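Hi,

Here is the structure I promised to pass on. Have a look at it first, then read on for my notes.

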Amino acid sequence: MLNFTTIKRLSNFAFLVFPSHLFRNLAATFTSTFFMKQDRRKFLRRFAAGTGAIAAGLPALAKVKTDEQDITDNSTVDTGTAQFNMCGYAAPKLETVRVGIVGLGMRGSGAVERLSYIDGLEITALCDKYPDRVTKAQKTLASMGRPKAKEYSGEDGWKALCESKDVDLVYTPTPWHLHAPIALKAMNNGKHAATEVNAGLTIDQCWQLVETSERTRKHMMMLENCCYDFFELLTLNMTRNGLFGELLHAEGAYIHNLSTDYLFNKNAYADMWRLKQNTQHNGNLYPTHGLGPIAQCLNINRGDKMDYLVSVSTNDFTLGHLAKEMAAKDPFFNEYVGKTYRGNMNTTTIRTNKGKSIMLQHDVSSTRPYSRIHLLSGTKGVAQKFPDPERIAFGHEWIKEEELKDLYEKYSPPIVKHIGAIAKDVGGHGGMDFIMDWRLIDCLRNGLPLDQNVYDAATWSSIFALSGASVAAKSKTLDVPDFTRGAWKTNKPHDLTLDGGGTTKVREKVKNAVMQN
């Protein structure tokens, strides 16, 4: 329920984000909505829509597609007391995990194959907007010796899949705007949810995911595969063992030039959805690949929390020009000429409650080598993955390659030693995708807490909305919501052992097939 404190916090947020004349124009909306006693989300949406000047003055805060919630819906207001703490929660064991996959494009098609390798799992349902993708996925199942799955297609096929009785886990590699709606539908129908990044595009969506997971006691995991890459797991375990001392600063990024191969490629993302995202939002659109692994090292939501951030973006110097070049060759791209594109490079700086700093960067449209940075700086040492090669130092110089190999041997966590070699053979970004999938299924089958819970999904994803709001408000400081509602103070870091698990096998047929290839 709204109270004076809530109104004050919303007012402070509005004063930061909106120009003063717009803030005055919103006063009537604040007052009338409060006394009508509407709920939190209706209030926020009324506030966000209070003036049409927002779209003209703050492009990153303008309303977008009707199937997304308003990006201005990013108040840092909490919603009271947690219904249940999902951190450390172990759901009842599932001897066989029945999986329904929604989204069978680039990421989804690979997921069908990877998941087919895992014993104790059945892919019981397949769904995509386009029926031909479902047909193609069925062929993948057949080639892996798997039975045919139930088929769903069309714009709303995912709703029927979420309501079906033969699915335990809804696995969602769809366009971003569908991640939260599908996860919510799944949990509300008694299913666990695993969704590709970002889990939510607005702060309100992130709160809904938290509240729904707590209420239904269903897991909601964001499929942040980079947390399972080999160097990231090594440095996480080294951090836990104190080799870097006290971490004081970390950096992560997603720097990957997608311009011609993906964003302006008619055969890449369906309906050009990812290019459209780059015209509808500004800020860090893809924060979690760089953030997830370093957040785990910093024990975010498990001993520390993000307090506030500030974000700045450059102008766009490439995408607008590229749109003109592409349209000159192909009229298909005419509709993308003259649009306002997100700034090429976004840099977001975050301060944690314990006084540590995080730097995140996002750039998918300029000429740079691929990088997620993954830098950890502590009182006794430092690690950095990008640019290659991987490096660790405990003094003024990087250690030698032989010393790094010794560290891998000693400090790679049990999951790497157990499944790492098979994961590299199976593939998926060098094996990290398969480690992630295998770990998820092994936890569900053995009734173990997940490595990534709904609070991680919400916190990491919130950077999408908050960075955009900060950029639009001339890099104003914004609070990061505490989705744990204070539980971060007592939540324990996730377990790096395989205690109670590690029982899930990889199918012999698959291992033989991989060896033959």
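This is a predicted model: local features need pLDDT of at least 70, side-chain atom pairs count only at pLDDT 80 or more; totals for chains, interfaces and linings use all residues.

The mean pLDDT of the chain is 88, with 83% of its residues at 70 or more. Please go carefully with residues 1-9, where the pLDDT is below 50; that stretch makes 12 contacts in the model beyond near neighbours in sequence. Residues 509-517 are also below 50, with 10 such contacts.

The chain has 517 residues, and 60% of them are buried. Its secondary structure comes to 20 helices and 14 strands. If you take the contacts between residues at least 6 apart in sequence, 76% of them join residues at least 24 apart.

Now the inside. In soluble globular proteins, nonpolar side chains tend to be buried together. Here, the largest nonpolar core has 137 residues, and Leu126, Phe264 and Ile392 have the most contacts inside it. Helix H19 (residues 454-472) gives this core its largest share, 10 residues. There is also a second, separate core of 8 residues, with Ala253, Met345, Met359 and Leu375 among them.

Leaving out neighbours within four places in sequence, its contacts include Met272, Leu275, Leu319, Leu322, Ala323 and Met326. Four of those names come up again in helix H15 (residues 319-329), whose buried residues are Leu319, Gly320, Leu322, Ala323, Met326 and Ala327. Looking down the axis of H15, these buried residues fall within an arc of 155°, so they line one face of the helix. They pack against helices H12 (259-263) and H13 (273-280). On the face turned away from the buried side you will find the exposed residues Lys324, Ala328 and Lys329.

Next, the holes. A search of the whole structure turned up 4 cavities of 30 Å³ or more.

Thr172 sits in strand E4 (residues 169-172). Is it buried or exposed? Its relative accessibility is 1%, so Thr172 counts as buried. Not counting residues up to four places away in sequence, Thr172 touches Val102, His179, Ile182, Ala194, Thr195 and Glu196. Ala194 is 22 residues from Thr172 in sequence, but their C-alpha atoms are 6.2 Å apart.

Finally, the backbone. Most residues other than glycine have a negative phi, and most peptide bonds are trans. These are some spots to check against that:

- Val197 and Asn198 are joined by a cis peptide bond, with omega about -10°. Asn198 lies in the loop between strand E5 (192-195) and helix H10 (203-216).
- Phe386 and Pro387 are joined by a cis peptide bond, with omega about -5°. Pro387 is in the loop between strands E12 (382-384) and E13 (391-393).
- Arg217 is not a glycine, yet has a positive phi of about 55°. Its place is in the loop between H10 and strand E6 (220-222), and at 40% relative accessibility Arg217 counts as partly exposed.
- His374 also has a positive phi, near 45°. It lies in the loop between strands E10 (357-363) and E11 (375-378), and is buried, with a relative accessible area of 2%.

Cheers

Methods
Residues are numbered from 1 along each chain as its sequence is written. Side-chain values use heavy atoms; hydrogens and water are left out. A nonpolar core is a set of buried Ala, Val, Leu, Ile, Met, Phe, Trp, Tyr and Cys residues joined through side-chain atoms within 4.5 Å. Buried means under 20% relative accessible area, exposed over 50%, partly exposed in between (1.4 Å probe, protein chains only). Helices (H or I, at least four residues) and strands (E, at least two) are DSSP runs, numbered from the N terminus. Contact means heavy atoms within 4.5 Å. The arc is that of the directions from the helix axis to the C-beta atoms. pLDDT is the predictor's confidence in each residue, from 0 to 100. On a 1 Å grid over the protein atoms alone, a cavity is a set of points where a 1.4 Å probe fits but cannot get out, and a pocket is an open set with protein on both sides within 12 Å along at least five of seven lines; lining residues have an atom within 4 Å of a point. Grid points are joined across faces, edges and corners, and a volume is the space filled by probe spheres set on the points.
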